[in-house]
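Hi,

Here is the structure we talked about, ready for you to open. Have a look first, and then read my notes below.

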Amino acid sequence: MNKAHLTQWGGCAIITPKMTVPDQWNTLEEVARGVNTCTGCRLSQGRTRGVPGEGPANARIFFVGEAPGWHEDQQGRPFVGPAGRFLEELLELVELTREQVFIGNLLKSRPPGNRDPLPDEIDACRRYLDAQLRIVNPKVVVALGRHSLARLCPGQPIGKIHGTWRWEGDRIHFAMYHPAAALHQQSLKKVIQEDMLKLHLALEAAEKAEKPEDQPGSPQQLSLF
Ligand code: URA
């Protein structure tokens with residue numbers, strides 16, 4: 001696989017308004033404390049533990065999943081169930097470990113029965129993810145699945161733009177199917193593995209680029225996160 005296989009998204013029709021990032025949190029530990037004491041939405045009533053996310057404060061890649069499932073809710077850690085095992089396999093493909101990347105979610109508390117996140121829950125949790133992104137300041141942000149992608153680029157179907165990327169400020173946003181999708185649909189496993197290899201190339205591109213404007217064909221910058 002070479003760089004020719006990397007394509008950029010273009011033409012996002014809808015621009016998400018830039019959210020105000022609270023300044024009261026300056027470390028990931030402070031954000032985690034905020035998550036663990038949060039009563040900002042109905043999900044706080046049913047959770048066993050908050051799941052702030054984890055990874056080094058200087059991680060180059062930041063994965064954004066959907067929401068904690070049963071295993072995550074029990075342990076207070078992201079992606080520790082079957083989807084997490086597949087995510088770890090994917091990371092191995094590009095010689096990374098989970099300790100080297102940041103793994104977070106749109107929602108920090110488990111929705112009952114693992115149902116889809118509701119818009120007001122995503123809004124209530126938004127400030128935590130915003131703060132984590134500000135603190136970690138990764139080179140590449142990976143949207144895992146359609147809910148996460150809806151925040152990066154509303155209106156872009158995951159089936160169309162998975163494995164592709166776009167510049168957002170001085171970082172790259174990369175779209176992938178959620179690892180759990182491969183558990184339900186075996187045929188997606190290879191697709192996700194191939195996208196993971198492209199992610200590795202996207203990281204190289206982000207690290208080499210001095211300024212995103214220097215990239216040929218860089219799409220218009222959107223304020224998405
Ligand atoms: N699925 C997610 O989106 N996040 C997790 O943490 C686990 C499973």
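Let me start with the pocket: helix H3 (70-75), helix H4 (82-93) and helix H8 (179-184) each supply at least two residues of the lining of the largest pocket. H8 gives the most, with 4 residues. Helices here are DSSP runs of H or I with at least four residues, numbered from the N terminus.

Before going on, a word on the model. It is a predicted one, where local features need pLDDT of at least 70 and side-chain atom pairs count only at pLDDT 80 or more, while totals for chains, interfaces and linings use all residues. Residues are numbered from 1 along each chain as its sequence is written, and side-chain values use heavy atoms, with hydrogens and water left out.

Back to the pocket. About 470 Å³ of space lies in it, a volume being the space filled by probe spheres set on grid points that are joined across faces, edges and corners. On a 1 Å grid over the protein atoms alone, a pocket is an open set of points with protein on both sides within 12 Å along at least five of seven lines; a cavity is a set where a 1.4 Å probe fits but cannot get out, and lining residues have an atom within 4 Å of a point. The largest pocket has 20 lining residues, and Gly-69, Ala-83, Asn-114, His-178 and Ala-180 lie nearest its centre.

What takes up the space of the largest pocket? The ligand does (more than half of its atoms lie within 2 Å of the grid points). Around the ligand are Gly-65, Glu-66, Ala-67, Glu-72, Pro-78, Phe-79, Asn-105 and His-178, each with a heavy atom within 4 Å of it.

Now the polar contacts (pairs of N or O atoms within 3.5 Å). A polar side-chain atom of His-178 lies 2.7 Å from an oxygen atom of the ligand. Backbone N or O atoms come in too: one of Glu-66 at 2.7 Å from a ligand oxygen, and one of Phe-79 at 3.0 Å from a ligand oxygen. The protein covers 91% of the 240 Å² of accessible area that the ligand has on its own (Shrake-Rupley method, 1.4 Å probe).

Finally, the structure holds 1 cavity of 30 Å³ or more. The largest cavity has a volume of about 80 Å³, and its lining includes Cys-38, Arg-47 and Tyr-128.

Cheers

Note on methods. A polar contact is a pair of N or O atoms within 3.5 Å; within protein, one must be able to donate a hydrogen and the other to accept it, and residues adjacent in sequence count only if both atoms are side-chain atoms.
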